[in-house]
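This report describes one protein model, section by section. Please have the sequence and the 3D view at hand while reading.

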Amino acid sequence: MEQTFIMIKPDGVQRGLIGEIISRFEKKGFYLKGMKLMNVERSFAEKHYADLATKPFFPGLVDYIVSGPVVAMVWEGKDVVLTGRKIIGATKPSDAAPGTIRGDLAVEVGRNIIHGSDSIESARKEIALWFPEGIADWQSSLHPWVYEA
């Protein structure tokens, strides 16, 4: 099974959207394999967003991520990276389709609630960065009702 990294950003935490977001991934049939609520150090945020370091919005993005707690999660399931991005919606909330997290819950691109890995490779890197201690090894008893053998 594929894994992805999902982070509820400080605005999502402050707005009380943690349960709503987890529910959307669970209802789809994905498994939560790791989760932690944490404050992010500036150097850690810079490392996470290193691929965006040359962008003009980088300093503001880092300031935003360190402004309050985030919820870091690992989700597992078939095509979870691609499907997770569809559940999240477009980066710019006004471009995000209704029914997506950003389409339903976000207004500003700088307060877009959630981050999701954009590829299997970046998911592996982000999971290793955020969960160096590893993740839970379990499978739901509902697995055969969600996935074909």
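## Salt bridges

Glu-133 is exposed, with a relative accessible area of 53%. Exposed here means over 50% relative accessible area, buried means under 20%, and partly exposed lies in between, with a 1.4 Å probe and protein chains only. The model is predicted: local features need pLDDT of at least 70, side-chain atom pairs count only at pLDDT 80 or more, and totals for chains, interfaces and linings use all residues. Residues are numbered from 1 along each chain as its sequence is written, and side-chain values use heavy atoms, with hydrogens and water left out.

Glu-133 forms a salt bridge with Lys-36, and the closest N and O atoms are 3.1 Å apart. The pair links distant parts of the chain, 97 residues apart: Glu-133 is in the loop between H7 and helix H8 (143–146), and Lys-36 is in strand E2 (residues 31–38). Helices (H or I, at least four residues) and strands (E, at least two) are DSSP runs, numbered from the N terminus. Lys-36 counts as partly exposed, at 23% relative accessibility. A salt bridge requires a side-chain nitrogen of Lys or Arg within 4 Å of a carboxyl oxygen of Asp or Glu. The whole structure holds five salt bridges.

## A network of charges

Which residues are linked in a network of salt bridges? They are Glu-20, Arg-24 and Asp-104. Glu-20 pairs with Arg-24, with 2.8 Å between the closest N and O atoms. Both residues belong to helix H2 and are four residues apart, about one turn of the helix. Glu-20 is partly exposed, with a relative accessible area of 35%, whereas Arg-24 counts as buried at 19%.

Arg-24 also forms a salt bridge with Asp-104, at 3.0 Å from N to O. Arg-24 lies in helix H2 and Asp-104 in helix H6, so the pair ties together parts that are 80 residues apart in sequence. Asp-104 counts as partly exposed, at 40% relative accessibility.

## A buried lysine

Lys-9 is found in the loop between strand E1 (2–8) and helix H1 (10–14). Lys-9 is buried yet has no salt bridge, and the nearest side chain of opposite charge, Asp-11, is 6.6 Å away. For charge, Lys and Arg count as positive and Asp and Glu as negative, while His and the chain ends are not counted.

Contact means heavy atoms within 4.5 Å.

## Nonpolar cores

In soluble globular proteins, nonpolar side chains tend to be buried together. A nonpolar core is a set of buried Ala, Val, Leu, Ile, Met, Phe, Trp, Tyr and Cys residues joined through side-chain atoms within 4.5 Å. The largest such core has 21 residues, and those with the most contacts inside it are Ile-21, Phe-25, Met-73, Trp-75, Ile-101, Ile-113 and Ile-114. E1, H2, E3, H5 and H6 each supply at least two residues of this core. Apart from it lies another core, of 17 residues, among them Leu-61, Val-62, Val-74 and Phe-131.

Leaving aside its neighbours within four places in sequence, Ile-113 is in contact with residues including Met-7, Ile-8, Lys-9, Ile-21, Tyr-64 and Leu-105.

## Helices H5 and H7

In helix H5 (residues 80–88), the buried residues are Val-80, Val-81, Thr-83, Gly-84, Ile-87 and Ile-88. Their cover includes E1, helix H2 (18–28), strand E3 (70–77), helix H6 (101–105), strand E4 (114–116) and helix H7 (120–130). Just after H5, Gly-89 takes a positive phi of about 95°.

Ile-127 lies in helix H7 and counts as buried, at 11% relative accessibility. Beyond its neighbours within four places in sequence, Ile-127 is in contact with Gln-3, Thr-4, Phe-5, Val-74 and Pro-132.

## The largest pocket

The largest pocket has a volume of about 680 Å³. Its lining comprises 24 residues, of which Tyr-49, Asp-51, Leu-52, Leu-61 and His-115 lie nearest its centre. Helix H3 (42–48), helix H4 (58–65), E4 and H7 each supply at least two lining residues, and H7 gives the most, with four.

On a 1 Å grid over the protein atoms alone, a pocket is an open set of points where a 1.4 Å probe fits, with protein on both sides within 12 Å along at least five of seven lines; lining residues have an atom within 4 Å of a point. Grid points are joined across faces, edges and corners, and a volume is the space filled by probe spheres set on the points.
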